Amino acid sequence: MPLMSRRVNLMIHRRRPVLVTVAVLIALLVGYAAVAVKQASAASALLSQGKPVTASSVENAGTPASAAVDGNPGTRWSSQFSDPQWVQVDLGATATVDQVVLAWEAAYATAFQIQVSTNGSTWTSVYSTTTGAGGTQTLTVTGSGRYVRMYGTTRATPYGYSLWEFAVRIENSTSSPSPTPTQDPGSFWGDTGSIPPAQNVLMVKILNRTNGHYPDSQVYWSFNGQVHSIAEQPYLDMPANSAGRMYFYLGSPTSPYADFIEFTVGASVFNGNTTRVDAFSIKLAMRLHAHDGYDVSVGEDVATFLEDRSVTFQKFINEVPTEFKVLAQAQAPYRIPAPGNDPSFRAGGVNANYFTAYASSVGVTAATSDIFGCAATLANNPGMCAALNRHVATLPQSQWMDPNLYYQAAPANYYARFWHNHAINRLAYGFPYDDYAGQSSFISHGNPQYLLVAVGW
Ligand SMILES: [Ca+2]
């Protein structure tokens with residue numbers, strides 16, 4: 001889930017020109033409860049969740065390797081009943097690993113190692129024990145690798161090895177998985193050499209990329225009670241804060257053109273994302289630069305920024321099936337709401353049963369709006385909620401991680417597909433569990449230097 005879409009900040013919401021319905025509030029609260037474990041440790045970055053995972057064996061189809069990294073404390077990986085056995089996660093790029101958390105089921109390991117590898121074949125042990133006692137083990141390690149595995153050599157029971165969760169984290173890193181570095185051929189991000197150094201954690205700079213629609217004096221940002229136009233103050237020296245949002249407004253601070261990013265900032269780490277979970281209102285992109293050279297951008301792509309707002313709305317209408325076209329019409333020109341927020345997909349609406357038969361075919365009973373919103377029974381099931389939204393739910397679970405298979409047929413969340421298709425590196429938060437399989441616009445890095453936020457039209 002995105003950092004904050006599940007949390008309700010009433011002070012900020014009162015100022016938003018957007019009505020938050022009781023149903024949405026309930027959905028947010030339910031979602032918040034479901035991810036409290038992740039939120040509690042947001043100051044560190046969780047590298048492993050939803051990443052490709054393999055194991056030496058599984059006990060049965062109900063205990064796949066992916067269950068060890070799905071973020072769901074109610075699902076687990078379990079091996080066959082022999083030694084040795086292993087489960088390994090592919091972080092996608094070489095990372096400095098600080099912490100490994102093992103949430104053992106009753107079938108735990110008494111002797112095991114945590115190993116890292118840059119190639120998946122040559123392993124270096126960063127932790128070793130022969131007296132493991134099960135439960136939840138939080139291990140501080142020092143190592144670097146793209147692959148991290150638990151290599152079990154002695155079982156505590158006659159059964160196999162079983163983990164509810166296998167989490168690989170980084171605290172204050174000098175390197176972490178590096179998505180495609182920022183490409184800036186057209187100087188979209190402007191001059192970065194003049195950004196002043198931060199006294200706090202990192203310097204945030206707001207960029208007016210409205211193509212002349214609004215002067216700097218009418219592009220506003222707000223954070224923690226401060227409201228300024230770019231003309232007044234283009235910078236914010238960001239302090240550490242948990243569960244923050246920065247809002248942006250075009251025209252005036254009470255404008256219906258209003259949108260936000262969300263983040264958690266630790267003493268020396270930035271975690272944050274753009275989000276389309278609730279709606280689209282203003283084109284947004286952000287670029288995080290760290291002292292070690294890490295430089296990654298997320299959000300709407302440059303082509304989307306360069307086109308007129310009316311073009312983007314028309315593209316949406318052209319690129320989605322009939323049921324979804326209303327989203328770019330009902331609240332135009334201000335917003336394109338997520339489908340779960342539109343009356344047509346809610347109880348009593350003409351498309352209230354859009355997902356019903358498909359969900360039933362995989363044993364899920366949930367309202368269509370709860371599938372779009374990963375709420376109710378899906379609040380604790382990130383993998384299934386993502387699979388339904390992406391239309392891969394009827395495929396073997398091993399294929400749920402393959403983005404090439406997503407959105408190939410209806411029913412699916414075509415609203416989310418649109419934002420992926422027009423996002424930098426095709427990464428977006430189109431629904432709450434879009435972070436499953438690493439598809440979201442979440443970025444995280446230690447020792448951050450600056451964050452650029454482009455506000456568009
Ligand atoms: Ca699990």
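Biologist: How many bridges join S17 to S18, and in which sense do the two strands run?
Modeller: In this predicted model, strand S17 (residues 284-290) is joined to S18 by five bridges, and the two strands run antiparallel. In that pairing, His-289 has Asp-295 in S18 as its bridge partner.

Biologist: And what does Gly-293 do in the hairpin?
Modeller: The hairpin of S17 and S18 has four residues between the strands, and Gly-293 takes a positive phi near 100 degrees there.

Biologist: Why is S18 largely enclosed by the rest of the structure?
Modeller: Strand S18 (residues 295-299) has five residues and four of them are buried, so the strand is largely enclosed by the rest of the structure.

Biologist: Changing topic, what is the strand order in the open sheet of six strands?
Modeller: The order is S11-S10-S13-S14-S15-S20, with antiparallel pairing. Strand S11 (226-229) and strand S20 (443-446) are the edge strands, each of them pairing on one side only. Ignoring direction, neighbouring strands of this sheet are turned against each other by 20 degrees on average.

Biologist: How many bridges join S15 to S20?
Modeller: Strand S15 (residues 269-274) and S20 run antiparallel and are joined by four bridges, and the bridge partner of Phe-270 in S20 is His-445.

Biologist: Which residues is Phe-223 in contact with, leaving aside its neighbours within four places in sequence?
Modeller: With those neighbours left aside, Phe-223 is in contact with Leu-236, Gly-244 and Met-246. As for Phe-248, which is 25 residues apart from Phe-223 along the chain, the C-alpha atoms of the two are separated by 9.2 Å.

Biologist: What does the secondary structure of the whole chain come to?
Modeller: It comes to 10 helices and 21 strands. Of the 457 residues in the chain, 51% are buried, and among contacts with a separation of 6 or more, 67% come from residues 24 or more positions apart.

Biologist: What about confidence, what does the pLDDT average over the chain?
Modeller: The average is 87, and 88% of the residues score at least 70. Over residues 5-43, however, the pLDDT is below 50, although this stretch has 51 contacts in the model beyond near neighbours in sequence. Residues 172-178 also stay under 50, and for them the model has 29 contacts beyond four places in sequence.

Biologist: How should the coordinates be read where pLDDT is low?
Modeller: Where pLDDT is low, the predicted coordinates should not be read in detail. I would keep that in mind for residues 5-43, where the pLDDT is below 50, and for residues 172-178, where it stays under 50.

Key: Residues are numbered from 1 along each chain as its sequence is written. This is a predicted model: local features need pLDDT of at least 70, side-chain atom pairs count only at pLDDT 80 or more; totals for chains, interfaces and linings use all residues. A residue is buried if 20 or more other C-beta atoms lie within 10 Å of its own, exposed if 12 or fewer, and partly exposed in between; C-beta atoms are placed from the backbone. Two strands pair if DSSP finds at least two bridges between them. Axes are lines fitted to C-alpha atoms, for helices over the stretch in contact, and angles run from 0 to 180 degrees between N-to-C directions. Two residues are in contact if their C-beta atoms, placed from the backbone, lie within 7 Å. pLDDT is the predictor's confidence in each residue, from 0 to 100.
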